Structures are given as C-alpha cells and as structure tokens.
Amino acid sequence: MINDYFNILFSRLSAMLRGSQRWPWILVGFIVVASEIITFFMNSVTSLILWGRLDSNLLLIGTIDAFVASAFVGPIAVFLILRAFSLEDLNRKLQEQMAELIRTEQERRILEEKLQQAKKMEALGLLAGGVAHDLNNILVGLVTYPDLLLMGLPPDSPLQKPLVTIKDSGERAAAVVQDLLTLARRGVQTETVVNLNDTVRDYLKSLEFATLTKAYPQVAFETGLAPDLLNIRGSAAHLGKALTNLMTNSIEAVGGLHGRITIVTENMTVDKLLCAYETIPPGDYAIMRVNDTGTGIAPDDLARIFEPFYTKKVMGRSGTGLGLAVVWGTVKDHNGFIDVHSKIGEGTRFAIYFPAVHEDIKSACLPEATDAWHGRGETILVVDDEKQQRELAQEILSHLGYVAQTVASGQEAMDYLKRHTVDLVLLDMIMSPGMDGLETYQGILQIRPGQKAIIASGFSESGHVAEAIALGASAYLRKPFSVAILGQTVRKTLAGH
C-alpha cells in the first residue's frame with residue numbers, strides 16, 4: 001500500500017518536473033528553501049523548550065548550517081534523480097523497442113506466409129492453365145461437331161438425343177476447364193459495368209438455386225440487397241459462378257441442419273488500411289456477403305480453404321474441390337479482396353470487396369437471328385497448329401457459306417498472304433514451335449496493313465491477346481466455341497462491328 005503511494009507520488013513528481021526544461025535548478029532551489037524552513041522551525045522549537053525563548057544565535061547558526069548542507073546535498077539529490085529518470089527512460093525505450101521488434105517480426109511472418117501462399121497459388125495456376133489449354137483444344141470437337149451434325153438432321157432423328165447428350169457433356173467439361181482457367185487467372189474479362197444485385201437476382205432465378213432449395217427444404221434463404229449499390233467492372237458470368245460456389249459451400253456447411261443462409265450487398269468506404277483475412281486498401285467498395293449458420297471452419301483449415309483441391313468434403317460427391325479456389329481466382333481477377341470469419345458450431349461469413357465504379361450499366365444488344373450467321377462467299381484464312389482444329393473450323397465456315405483456307409503456322413500464313421488476299425484471318429494465339437499468334441499478326445500487318453482478324457485461344461484471354469486487339473484484331477474467341485458463337489463473331493467482324 002505504502003509502496004503504491006510512493007510510486008504514484010514519484011510518477012506525479014516526475015511528470016510535474018519534466019514539464020520544465022529548468023527543472024533541475026527548480027528542484028535544487030526547492031531543497032534549499034525546504035531545508036531552511038524545516039531547520040528554522042526545528043531550532044525555534046528547541047530554543048523554546050530549552051530556554052523558554054528564541055535564541056537568535058542558534059537560529060542564525062542553524063540557518064547557515066542548513067543552507068550549506070542543502071546546497072551540498074541538493075545537487076547530489078538532483079544528480080541521483082536525473083539518474084533515476086534516465087534509467088526509467090532507458091527502460092521505457094527498451095520496452096518500446098522490444099514491442100516494435102515483436103510487432104515487426106509478426107508482420108514479417110504474416111507477409112512471408114502470404115507470399116508463400118501467393119507463390120503456391122501462382123504455381124498451381126500455371127499448371128491449371130496449361131492443362132486447360134490442351135483440354136479446350138480437345139473439347140472443341142465434342143462441343144462443335146454435334147452442332148454440325150444436328151444442323152443436318154431432321155427433328156425426329158434417333159440421333160438427336162445422343163448428339164445433344166454428347167454436346168451437353170462437352171459443355172459441362174468445358175465449364176470445369178473454365179474453372180481451371182479462372183484458377184489460373186486467365187479467364188475473366190472485366191470490361192463490362194455490372195451490379196452485384198443483378199448477380200444475386202440472376203442466381204436466385206437459376207436452376208442451381210432451385211435445385212438447392214429442393215434438396216434442402218429445411219434451410220431458410222434470405223437476402224438483403226442495398227437499393228443504392230454501386231456498380232463494379234467485371235464479368236457477370238464469372239461473378240455468378242463465384243456466388244454459386246459460395247452458396248454451394250454454405251449449403252453443404254449447413255447440411256441437414258435447420259439453418260439459415262443470407263446474401264447481403266452493401267456499399268462501404270474504407271478510409272484507412274483494413275486488416276482482415278486480406279489487407280484491404282482504402283477506397284469505395286461494393287460488397288457481397290454470404291453468411292451461413294453451418295458447422296463453421298476450423299482455424300487450421302481457414303488459412304487453406306482457397307487452395308485447389310483442399311477440401312474436407314468427399315471428392316467426387318460434393319464437387320471437384322475447385323469451388324473456393326475459383327472464387328479466389330475470380331475475386332483476384334476483379335481486383336477485389338476477400339474477408340472470412342468463422343466459428344466452429346456457429347457458422348461462416350464470406351465478404352467479398354469489389355472496387356466500385358461510378359459508371360452506368362450499358363444496355364445489352366439483342367442476339368442476332370440465325371440466318372444472319374451465314375456468309376456470302378467471303379474468304380477466311382484459318383491459322384492453327386492443330387490439324388483437327390483447322391479442319392473443324394474449315395468445315396464450320398464452309399457450312400456457313402464462307403470460303404475457308406487453312407495453314408499450320410505463322411510463317412505459312414505470311415507466305416500465303418504475300419500471294420493472296422483474304423477477307424478475314426482466324427488466328428490461334430498459342431502455336432508451337434515457331435511464331436505465336438501475336439508475332440504472326442504483327443508480321444501479317446506488315447504485309448497486309450489493316451487486315452481483319454479474330455484471335456482464338458484455348459488458354460483464354462492473356463496479355464498477348466490484349467496486344468493483338470490493340471494492334472487491330474477485331475475480336476477474341478475462346479475455345480471451345482459453338483457454331484453459333486463462331487458464326488456470330490465472324491459475321492460481326494466482317495460487318496465492321
């Protein structure tokens with residue numbers, strides 16, 4: 001108790017004295033004056049007790065002694081106090097330095113973990129992208145040849161159903177490949193202004209949501225959409241796929257429980273750096289949250305939930321194991337950020353932050369009629385290193401009324417164009433060995449300035465595709481493409497749209 005009192009007194013005295021730069025001299029003066037007063041009082045009391053009167057000699061001598069003693073002791077006392085203050089300051093600075101070192105080490109460790117995670121995701125993405133490119137080239141036949149065969153069959157043909165089944169299977173496989181491309185961050189075009197409320201509404205009207213509500217009637221679904229939600233720049237299709245994956249993850253977390261899943265959208269202005277699952281920089285964001293009252297995610301698993309194929313579900317029953325990895329890739333391609341909070345037994349909340357734009361949504365164009373896909377005898381040069389791709393494109397274009405010529409490399413394309421003119425070049429971006437699509441198009445422009453071209457790739461849009469578009473290529477076509485998509489793209493390009 002007494003110790004606490006003296007500590008408080010010392011702290012207050014320390015704070016008071018440090019308020020002035022001349023405090024050492026003030027303290028010396030205080031000691032001298034206090035000594036004089038105390039000595040005078042004590043000598044007066046002694047004189048009265050011993051002689052019954054005040055002895056002036058005793059008072060004078062005592063006062064002189066007190067002055068000399070305090071003048072000698074005062075500086076020593078101040079020196080000791082300065083030393084104590086110095087040690088206290090040193091101790092405080094050491095504590096602050098230790099705290100700063102600990103904080104710096106923690107931040108370094110967190111950044112190191114994030115860097116390792118980013119490198120892992122990048123490596124997996126490169127692997128996924130390479131696999132996706134080869135698979136897309138293979139799937140072109142499964143998606144496109146059924147289209148060609150169905151066009152020549154009567155409606156009551158017994159081949160209609162198996163061909164449609166083959167086509168649907170190919171398209172489902174292409175959707176899985178698209179997930180790989182999203183994981184590789186090679187599949188999202190973010191040039192369209194969209195609104196997350198539309199993404200949610202479209203999902204609620206989708207077959208996927210209808211299937212979920214039918215399979216889990218005990219789960220309640222709720223929404224809370226901000227009426228003034230800001231727009232973002234992105235791909236409606238990929239945003240819808242990300243929401244579908246989040247909802248699938250949440251419904252499986254709730255499982256057979258009588259739980260609740262909520263989709264919420266809101267605007268948020270982040271004024272300063274927000275430290276969440278990711279570090280979110282300042283800015284205006286449109287946020288989409290998916291909350292569930294499911295089983296929750298264990299802390300050890302939370303750091304790895306966005307890794308491809310990292311799942312606690314039964315592989316093959318619950319999905320491919322790419323669901324949350326696709327969400328991560330989509331968000332990153334939209335320059336967004338993810339925050340996740342989860343507690344075992346209480347549920348999980350995913351919040352996705354997309355940078356907002358102050359732009360309006362443009363009206364979508366109506367699809368063209370089927371008869372507008374057909375050509376009028378225009379010449380198209382198909383450049384592709386895959387023989388099957390060349391032959392398939394040639395067959396489709398010939399069926400649509402175009403004159404199609406094919407070559408197997410960029411050098412062959414330039415040699416052909418030195419001798420012939422064509423209305424359009426359908427150019428594959430990834431070709432090996434030799435020149436790729438960008439180098440080929442640069443060479444073609446030297447031979448035929450202003451040559452119309454469509455860039456095609458099974459690896460989806462990349463930096464080289466963007467460069468080719470900037471040089472004058474009219475459109476980008478992702479493999480595998482259907483007859484309708486190829487026909488519409490060729491027709492629009494020839495018409496100058």
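Biologist: At what angle do the axes of helix 11 and helix 12 cross?
Modeller: This is a predicted model. In it, helix 11 covers residues 410-419 and helix 12 covers residues 437-447. Their axes come within 9 Å, and the crossing angle is roughly 10 degrees.

Biologist: Is helix 11 roughly parallel or roughly antiparallel to helix 12?
Modeller: The axes cross at roughly 10 degrees. Angles under 35 degrees count as roughly parallel, so the crossing makes helix 11 and helix 12 roughly parallel.

Biologist: Which residues of helix 12 make the contact with helix 11?
Modeller: Helix 11 passes helix 12 in a right-handed crossing. From helix 11, the contact takes in Gly-410, Ala-413, Met-414, Leu-417 and Lys-418. By class, the contact holds five nonpolar, three polar and one charged residues. On the helix 12 side it is made by Thr-440, Gly-443, Ile-444 and Ile-447.

Biologist: Are helix 5 and helix 7 parallel or oblique to each other?
Modeller: The axes of helix 5, residues 196-204, and helix 7 come within 10 Å. They cross at roughly 60 degrees, and helix 5 passes helix 7 in a right-handed crossing. An angle of 65 to 115 degrees would count as roughly perpendicular. The two helices are therefore oblique.

Biologist: How many nonpolar residues are in the contact of helix 5 with helix 7?
Modeller: Helix 5 brings Leu-196, Thr-199, Val-200 and Tyr-203 to the contact. These meet Leu-239, Gly-240, Leu-243, Thr-244 and Met-247 in helix 7. Three of the contact residues are polar and none is charged, and the number of nonpolar residues is six.

Biologist: Why is helix 7 described as largely enclosed by the rest of the structure?
Modeller: Helix 7 runs over residues 236-254 and reaches 27 Å from its first C-alpha to its last, close to the 27 Å expected. Being buried requires under 20% relative accessible area. Helix 7 is largely enclosed because its buried residues number 14 of the 19.

Biologist: Which residue just after helix 7 takes a positive phi?
Modeller: Helix 7 covers residues 236-254. Just after this helix, a phi of about 60 degrees is found at Gly-255.

Biologist: Where is Asn-335 placed?
Modeller: Asn-335 has a positive phi of about 60 degrees although it is not a glycine. With a relative accessible area of 55%, Asn-335 is exposed. Its place is in the loop between helix 9 (323-333) and strand 8 (337-343).

Biologist: How far apart in space are Ala-325 and Arg-304, C-alpha to C-alpha?
Modeller: Ala-325 has its place in helix 9 and is buried, with a relative accessible area of 1%. In sequence, Ala-325 and Arg-304 are 21 residues apart. Their C-alpha to C-alpha distance is 9.9 Å.

Biologist: What separation do the C-alpha atoms of Ile-396 and Thr-144 have?
Modeller: Ile-396 lies in helix 10, residues 387-399, and counts as buried at 0% relative accessibility. Not counting residues up to four places away in sequence, Ile-396 touches Thr-144, Leu-148, Phe-481, Val-483 and Leu-486. Ile-396 and Thr-144 are 252 residues apart along the chain, while their C-alpha atoms are separated by 8.5 Å.

Biologist: Among contacts between residues at least 6 apart in sequence, what percentage join residues at least 24 apart?
Modeller: The chain has 14 helices and 14 strands. Of its 497 residues, 41% count as buried. For contacts joining residues at least 24 apart, the share is 73%.

Technical notes. Residues are numbered from 1 along each chain as its sequence is written. This is a predicted model: local features need pLDDT of at least 70, side-chain atom pairs count only at pLDDT 80 or more; totals for chains, interfaces and linings use all residues. Side-chain values use heavy atoms; hydrogens and water are left out. Helices (H or I, at least four residues) and strands (E, at least two) are DSSP runs, numbered from the N terminus. The expected span of a helix is 1.5 Å times one less than its number of residues. Buried means under 20% relative accessible area, exposed over 50%, partly exposed in between (1.4 Å probe, protein chains only). Axes are lines fitted to C-alpha atoms, for helices over the stretch in contact, and angles run from 0 to 180 degrees between N-to-C directions. Angles under 35 degrees count as roughly parallel, over 145 as roughly antiparallel, 65 to 115 as roughly perpendicular and the rest as oblique. A crossing is left-handed if the near helix is turned anticlockwise from the far one by less than a right angle, and right-handed if clockwise. Contact means heavy atoms within 4.5 Å. Ala, Val, Leu, Ile, Met, Phe, Trp, Tyr, Cys and Pro count as nonpolar, Asp, Glu, Lys and Arg as charged, and the others, Gly among them, as polar.
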